[in-house]
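Notebook open, model loaded. I want to look up a few things about surface, core and charges.

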Amino acid sequence: MHRERLENVVFRAGYLAILTFMLLPLVVVVVTSFAESGNLAFPPENYSLVHYRAFFEETRWLSAFDNSLFVGVGTTVVATTLGVTAAFGHEIDDGRAGQALAPLVLVPLLIPPIILGISMRVYFVRAGLEASFLSLVLAHTLWATPLVYFVMRSVFSRFDWQLLDAAKDLGAGPIRSFVYAVLPNVKHGIFVGALLAFIISLQEFVMALFLSSRSTETIPVVAWTEIRQSLDPMVSVVSTFLIVISLIAIVIATIATNLDWLSKQLS
């Protein structure tokens with residue numbers, strides 16, 4: 001018992017040390033966003049909200065933030081639709097097409113983003129979609145869809161498919177049986193997949209750098225442009241906003257996935 005307890009303590013200490021090491025850069029980013037001076041230094045000599053006020057007064061940052069939200073919502077809708085339907089089709093198809101789907105969906109994650117950015121820029125120029133919001137949404141969907149797909153594969157693996165068979169036996173068509181028999185039981189998984197797609201789109205940089213213009217540039221692109229010129233705490237302010245949005249999304253996803261457990265505990 002003494003040895004097991006010691007191993008448990010060592011494991012917890014090692015896990016906590018690694019977690020702390022990984023989170024320290026985020027702490028540095030947040031702290032430097034409150035610097036009063038115009039130089040990026042840690043720790044700051046004085047603390048102030050001057051750069052947060054400047055962010056809300058800067059048209060370019062606000063426009064980029066709106067662009068990121070717009071592209072993120074569009075990517076979420078498209079990627080969630082494709083990921084859910086692909087995972088559902090894989091589960092109900094026992095043929096070779098379903099078996100080949102998983103490796104095919106995984107391909108975009110294995111290609112370096114700079115190659116995707118260059119190739120898609122050439123493609124979208126030929127298609128007349130250069131520097132458009134649609135090109136950004138489609139590019140981000142390449143990365144977001146596989147994540148939604150594999151999340152839904154995990155969700156569908158725990159789904160009772162007899163419910164779908166029962167709905168079909170009662171005369172429901174494919175769409176009606178999915179909406180009333182499948183969707184209510186996997187909605188939390190869909191919600192988590194959608195949040196992941198939104199976060200991926202919000203923070204994606206490389207492909208957006210190749211595909212965006214001055215009017216469609218997103219927050220990461222503007223941050224990269226600014227940090228190449230000077231180490232401005234404004235970049236830390238923007239990074240802090242992205243960190244907060246990601247944390248809120250993670251908390252919401254955690255709550256959503258545990259609603260059933262919470263309801264059982266309260267009943």
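Is Ile111 buried, exposed or partly exposed? I get partly exposed, because its relative accessible area is 31%; buried means under 20%, exposed over 50%, partly exposed in between, with a 1.4 Å probe and protein chains only. Ile111 sits in the loop between H4 and H5.

Ground rules before I go on. This is a predicted model, where local features need pLDDT of at least 70 and side-chain atom pairs count only at pLDDT 80 or more, while totals for chains, interfaces and linings use all residues. Residues are numbered from 1 along each chain as its sequence is written, and side-chain values use heavy atoms, with hydrogens and water left out.

Entry: nonpolar patch.
I found Ile111 in a nonpolar surface patch of about 590 Å², together with Leu104, Val107, Ile114, Ile115, Ile118 and Val122. Helix H4 (96–110) and helix H5 (113–126) each give two or more residues to the patch, and H5 has the largest share with four. A patch takes residues with over 30% relative accessible area and no salt bridge, nonpolar side chains (Val, Leu, Ile, Met, Phe, Trp, Tyr) being joined within 5 Å. Helices are DSSP runs (H or I, at least four residues), numbered from the N terminus.

Entry: the other residues of H5.
I checked which H5 residues are buried, and they are Leu116, Gly117, Met120 and Phe124. They lie on the same side of H5, because they cover an arc of only 95 degrees around the axis, taken from the directions from the helix axis to the C-beta atoms. Just after H5, Gly128 has a positive phi of about 75 degrees.

Entry: largest nonpolar core.
This core has 20 residues, and the ones touching the most other members are Val84, Phe88, Tyr149, Met152, Phe156, Val182 and Val186. Helix H3 (59–92), H4, helix H6 (133–156) and helix H8 (174–203) each supply at least two residues; H6 has the largest share, six. A core means buried Ala, Val, Leu, Ile, Met, Phe, Trp, Tyr and Cys residues joined through side-chain atoms within 4.5 Å.

Entry: salt bridges.
How many salt bridges are in the whole structure? I count two, each a side-chain nitrogen of Lys or Arg within 4 Å of a carboxyl oxygen of Asp or Glu. Glu217 pairs with Arg60, closest N and O atoms 2.9 Å apart. Glu130 pairs with Arg121 at 3.2 Å between the closest N and O atoms. Glu130 is partly exposed at 43% relative accessible area, and Arg121 is partly exposed at 32%.

Methods
Patch = residues over 30% accessible without salt bridge, like charges linked within 9 Å, V, L, I, M, F, W, Y side chains within 5 Å. Areas by Shrake-Rupley, 256 points an atom, 1.4 Å probe, with all protein chains shown as cover.
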